[in-house]
Structure formats: structure tokens, C-alpha cells
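I opened my notebook and the viewer side by side today. Here is what I looked up, entry by entry.

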Amino acid sequence: ELRIIMSDWYHPSAYTLNTMLEHNPFTWVGNGDSILINGKGESKHCSFNGTTTTLTSVSSDGSTASVTTTCRGKREVFSLDRSKTYLVRVLNGAYLAFFNLAIAGHYFTVLGVDGNSFTEPVDVNSLDLSSGQRVMALLRFNNSVSNPDRVRNETFLMQVQTDWRGHDNTNAGIAHAFVTYGNASTIQSDE
């Protein structure tokens, strides 16, 4: 069984975000500053490890605090056994974001959504989840790969992406994790 929790992380305080959302007229707070997969991720302000950035947040009393940090993003690594089919439980724990989850070379057989089972399983290439939504699916390797023996030591990219806001994807958030068959210790999860 695999558990995948996708979440967004806003660097401003919850007070600041709620003030924007409750404003009249409504103010969209934008996508989160980071997307996390099982609590691991990297800020969009830190596209490369070692980048230094200053984050400022506003507390409920109106005071501000700044923190300067050097980004050291980490990525989740899922080590799988090729001979097994995995039950995947996915949760979108985001504040506001709609997420799409896909894994290169794999597909999902959806068994249920939000605790309700389907009478007929559905095969899909990716999963779409809104905030708070849960999906239960089987993760299957796409057998169309020309040499299945090659897969024993291969690594595949998992991608989580937010919906786009605007006319291009500059406001879309993207996060990655690794799905590997073989020795996970060879993967640089902080690349």
C-alpha cells in the first residue's frame, strides 16, 4: 500500500490569507508557494538548491516577521517491487488547490472516491483531486515498455501539478517525486 498526501504551503500566515479571501470584493490568494508530496517539496522561490530567499509573513496582530533561508528541497522516493500491484490512497490536503497526479510509465485503476466504491473500476492515466478529496486506486505499470526486464532498476517521475490561473502556466505549481524499481539509495532526492 502507498499513501500519497499532496498539499500546498503558503508562506504568508493563515491570518493574511483569510483576510484576502474574506475581502469584499474577493481577492484570490494565488497558488501556494510550495507543493508538498508527503511533506517534502521545494518552494517556487527556490528553484535551485542553495538559493537564498527571504520570506516575510504577517501575524494576526499585524506584526511582520522575516526569515532568510537557504533552500534544500527534498523529494519523496517510493521504492516499489515490480512483482506487486499497489493499492494507492491519495489525499489532496491542500488549502485551495486542485491537483493532478501522474506517474510516467504507469496508470491507475480507480476503485473509489471519497470513501465510495465504484461498481466498475476505471483505468486512467492521471488523477484529478480537489481540496480535501480522496482517491483509492491500484497503481499499475504500463506493460507497453519494450523490455520489461529493464524496469527492475528504473526510476520514474511522479508529477503533481496545480490548475493553471491565467493565460499561461506561469502560475501553475509543479512538484516531483520518484517511483523506483531497484536500489533507491542511488537516487538524489534533493536534485
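Entry 1: My cut-offs for burial are under 20% relative accessible area for buried, over 50% for exposed and partly exposed in between, with a 1.4 Å probe and protein chains only. Strands here are DSSP runs of E with at least two residues, numbered from the N terminus. As a reminder to myself, side chains in a regular strand alternate between the two faces of the sheet.

**Entry 2: ground rules.** I am working with a predicted model, where local features need pLDDT of at least 70 and side-chain atom pairs count only at pLDDT 80 or more, while totals for chains, interfaces and linings use all residues. Residues are numbered from 1 along each chain as its sequence is written, and side-chain values use heavy atoms, with hydrogens and water left out.

**Entry 3: neighbours of strand 7.** I looked up its pairings next; two strands pair if DSSP finds at least two bridges between them. Strand 1 (residues 2-9) runs parallel to strand 7, with 5 bridges, and Arg3 stands opposite Arg89 there. Strand 12 runs antiparallel to strand 7 (residues 86-92), with 6 bridges. Arg89 has Met136 as its bridge partner in strand 12, and Leu91 stands opposite Arg134. Strand 12 is also joined to strand 9 (residues 106-113) by 7 bridges, again antiparallel, with Val110 partnering Ala137.

**Entry 4: salt bridges.** I searched the whole structure and got 4 salt bridges, counting a side-chain nitrogen of Lys or Arg within 4 Å of a carboxyl oxygen of Asp or Glu.
- Arg89 forms one with Glu1, the closest N and O atoms being 3.2 Å apart. Arg89 lies in strand 7 and Glu1 in the segment before strand 1, so this pair ties together parts that are 88 residues apart in sequence. Arg89 is partly exposed at 35%, as is Glu1 at 48%.
- Glu76 and Lys40 meet at 3.3 Å, N to O. Glu76 sits in the loop between strand 5 and strand 6, and Lys40 in strand 3, 36 residues apart. Glu76 is buried at 14%, whereas Lys40 is partly exposed at 33%.
- Asp114 and Arg134 meet at 4.0 Å, N to O. Asp114 lies in the loop between strand 9 and strand 10 and Arg134 in strand 12, so the pair spans parts 20 residues apart in sequence. Asp114 is partly exposed at 33%, and so is Arg134 at 43%.

I also noted that salt bridges with shared partners join Glu1, Arg3 and Arg89 into one network.

**Entry 5: aromatic rings.** How many aromatic pairs does the rule give? I count 4, taking rings of Phe, Tyr and Trp (its six-membered ring) with centres within 6.5 Å; planes under 30 degrees apart are stacked, over 60 edge-to-face and the rest tilted. Phe141 and Phe156 have ring centres 5.6 Å apart and planes at 65°, so they are edge-to-face. Phe141 is in strand 12 and Phe156 in strand 13, 15 residues apart. Phe141 is buried at 7% and Phe156 at 10%. Phe141 also pairs with Tyr181, at 6.1 Å and 85°, so that pair is edge-to-face too. I logged Phe141, Phe156 and Tyr181 as one aromatic cluster.

Terms used
Helix = DSSP H or I, 4+ residues; strand = E, 2+ residues; numbered from the N terminus.
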